[in-house]
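Q: Hi! Could you walk me through this structure while I have it open?

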Amino acid sequence: MTSPRTPGVLVLTQEIDPHADRVIDELERMGVRSWRVHTSDFPLDMTLSAEGCAPAWSGSLRWEGAAVELGDVTSVWFRRPTRFRIDPRLGGSRAAFTVAECRMAFGGLLRALPVSWVSHPESIVSADYKPHQLALAARLGFTVPRTVITNDPQRARDFLRTTGRSIYKPLSSVLVGIDEGEPLVQYTREIDSSDDEALESVRFAPCLFQERIDKAYEMRVVVMGPKVFAVEIHAGSEATALDWRSDYSRLTYRPHVISPALESLCLRLVRNLDLSFGAIDLAVRPDGEVVFFEINSNGQWAWLEEAVPELPMTHTMASLLAGSEGDHVA
């Protein structure tokens with residue numbers, strides 16, 4: 001007689017992920033089963049088998065000492081999946097073909113499951129386009145900085161002359177390289193119309209320029225289903241005033257009592273992007289006006305909970321995945 005199977009949460013991530021560590025521990029504490037899958041293990045160290053398709057696929061993922069039956073999955077956390085790792089002997093078109101087949105099989109089968117997603121991969125891809133999110137935020141009622149996207153050096157100069165103090169920020173989150181094992185991040189930086197060398201390089205790739213916003217402080221608003229958490233981020237240096245990611249040691253944090261109007265606006269933004277989760281970066285001007293910068297569809301939040309432990313983000317994310325935080329899972 002076989003023992004009854006237990007439904008649970010599938011966590012798609014990578015080997016080093018403190019967010020996944022915290023949430024999986026919380027799910028266990030709540031008595032909710034979970035399976036942590038490192039997508040880079042597929043296909044070399046993980047097998048996938050599935051059959052049928054009406055009314056649903058049945059099958060499993062199996063790796064060293066563990067397995068998950070697809071029919072037992074009730075929700076998927078699309079946390080930090082990484083590239084599939086294929087046989088290094090494959091190169092060129094064979095490698096491209098193998099990766100494509102892995103993507104279509106692995107991703108296609110998961111998309112076919114009748115489960116909840118935090119968040120659905122298509123929604124994450126769409127939401128990450130900065131021009132899209134800026135336009136939507138403005139339509140919903142957020143104040144958005146004056147912005148231009150161009151690969152025309154003269155158009156960039158014209159914009160910078162009219163805005164005065166301006167910044168450049170990348171459109172994507174792709175790393176620009178690795179230095180002694182450390183990832184090189186392209187931080188936000190100030191730029192003006194006299195920076196000829198930088199502006200001439202604009203012709204090689206589209207660039208996003210914005211007016212620089214005077215800030216009293218910045219704020220990250222974390223939306224998890226119907227729950228909203230807001231934390232003030234106060235800069236302790238000129239560098240962190242421009243981009244707080246440049247030196248976390250120079251930051252201080254405070255919980256923020258978010259107004260009902262701003263809370264509603266943040267929830268509407270996340271839902272309009274068909275997301276279940278969003279980390280929204282805002283600035284608060286000295287006069288109190290709130291300015292929208294961007295939304296991260298898979299942004300970080302654990303370090304904020306460590307700084308402001310009265311905000312139960314880990315428990316809320318675990319509850320959302322377990323299906324006990326309302327019906328706002330995309």
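Predicted model: local features only at pLDDT ≥ 70, side-chain atom pairs only at ≥ 80, totals over all residues.

Q: Thanks! How many salt bridges are there?

A: There are 24 salt bridges, counting a side-chain nitrogen of Lys or Arg within 4 Å of a carboxyl oxygen of Asp or Glu.

Q: Nice. Which residue does Arg-22 form a salt bridge with?

A: Its partner is Glu-306, and the closest N and O atoms are 3.0 Å apart. That pair links distant parts of the chain, since Arg-22 sits in helix 1 (residues 18-29) and Glu-306 in helix 9 (residues 302-307), 284 residues apart. Helices here are DSSP runs of H or I with at least four residues, strands are runs of E with at least two, and both are numbered from the N terminus.

Q: And is Glu-306 buried or exposed?

A: Glu-306 counts as exposed, at 56% relative accessibility, while Arg-22 is partly exposed at 24%. The cut-offs are under 20% relative accessible area for buried and over 50% for exposed, with partly exposed in between (1.4 Å probe, protein chains only).

Q: What about Arg-157, buried or exposed?

A: Arg-157 counts as buried, with 11% relative accessibility. Its side chain meets that of Glu-200 in a salt bridge of 2.9 Å, N to O. Arg-157 belongs to helix 5 (residues 153-163) and Glu-200 to helix 6 (residues 196-200), 43 residues apart. Glu-200 is partly exposed, at 34%.

Q: Which residue does Arg-165 meet in a salt bridge?

A: Arg-165 meets Asp-214, at 3.7 Å from N to O. Arg-165 lies in the loop between helix 5 and strand 9 (166-169), and Asp-214 in the loop between strand 13 (207-211) and strand 14 (217-224), so the pair ties together parts 49 residues apart in sequence. Salt bridges that share partners join Arg-165, Glu-190, Arg-212, Asp-214 and Glu-238 into one network.

Q: Switching topic: how many residues of strand 17 are buried?

A: Eight of the eight residues of strand 17 (residues 277-284) are buried, so this strand is largely enclosed by the rest of the structure.

Q: Where are the pairing partners of Val-284?

A: Val-284 is the bridge partner of Tyr-217, and also stands opposite Val-290 in strand 18. Two strands pair if DSSP finds at least two bridges between them.

Q: What does Gly-288 do in the hairpin?

A: The hairpin of strand 17 and strand 18 has five residues between the strands, and Gly-288 takes a positive phi near 95° there.

Q: Last one: which strand gives the most to the lining of the second largest pocket?

A: Strand 13 does, with three residues. Strand 9, strand 12 (189-191) and helix 6 are among the elements that each supply at least two.

Methods. Residues numbered from 1 in each chain as written. Heavy atoms only, no water.
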